[in-house]
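Trainee: I'd like a close look at a single part of this one. Pick your spot and walk me through it slowly.

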Amino acid sequence: MSSSPEFAAHCLELLSPLGPTTSRRMFGGHGFYVDGLFIGMAAAERLYLKVDDESRPRFEAAGCEPFDFDTKDGKRVVLGFWTAPDDALESPMLMLPWGRMAMQAALKALNAKKPAKKAAARKATARKTRLSPAPAPAARTKAAPAKKKPASKR
C-alpha cells in the first residue's frame, strides 16, 4: 500500500482549494485531511476519496474503483473510499467537485458517529448511577446563633 512522498505532495496540491490540507503517513500510504477532517488517502500511487451512498454512483459512473484488500484469512474488505477520476488528477480545479463530495461524505460519517457516542456516554452514566451507593445523608449541625448588633447610641 505504499505511496511516495512526491505523490502525496501532488495530492495535497490537488486538494488545497478545499481548505487547510494536511497529510499523515498511514500504513505505508498517506491520509489526507481538510480542516482536520479525514477525506482521502493515497495508496500504491492512487488517490482514494471518501464516498457515501449518495456520492458512490457518481464515482462508479466516472469509472473509479473502490479501495479493497484481502485479509490474512482470504476475506475481501471494501472500504468507503474510491479512486479519484483520472482527469481530476490533472488540476486542483478539476479535483474540486470530487473533493467536495469526499468532504460531505466524511462529515456525514462523522455526524453519524456523534449521536452514538453521546448515547453510549448517557448509558454509561446511567449505569454508574444505578450501581453507585446512595449518598449518605448530610449530618445535621446546629446553626450557630446569630450575633446581635450592638445597640446604637442615641
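Mentor: Strands here are DSSP runs of E with at least two residues, helices are runs of H or I with at least four, and both are numbered from the N terminus; two strands pair if DSSP finds at least two bridges between them. Bear in mind that this is a predicted model, where local features need pLDDT of at least 70, side-chain atom pairs count only at pLDDT 80 or more, and totals for chains, interfaces and linings use all residues. Residues are numbered from 1 along each chain as its sequence is written, and side-chain values use heavy atoms, leaving out hydrogens and water.

Let's go for strand 4 and what follows. Strand 4 (residues 46–50) runs antiparallel to strand 3 (residues 37–43), and four bridges join them. Tyr 48 in strand 4 is the bridge partner of Met 41. Both belong to an open, antiparallel sheet of six strands, ordered 1-2-3-4-6-5. Strand 1 (21–26) and strand 5 (66–70) are its edges: each has a single partner strand, so one side of each has no neighbour in the sheet.

Now step off strand 4. Glu 54 makes a salt bridge (Lys or Arg side-chain nitrogen within 4 Å of an Asp or Glu carboxyl oxygen) with Lys 108, at 2.7 Å from N to O. Glu 54 sits in the loop between strand 4 and helix 2 (56–61), while Lys 108 is in helix 3 (residues 92–131), so the pair ties together parts 54 residues apart in sequence. Glu 54 is exposed at 60% relative accessibility, and Lys 108 is partly exposed at 41% (buried is under 20%, exposed over 50%, partly exposed in between, with a 1.4 Å probe and protein chains only). Shared partners join Asp 52, Glu 54 and Lys 108 into one salt-bridge network. Asp 53 has its own salt bridge, to Arg 56, at 2.8 Å from N to O. Asp 53 is exposed at 63%, whereas Arg 56 is partly exposed at 26%.
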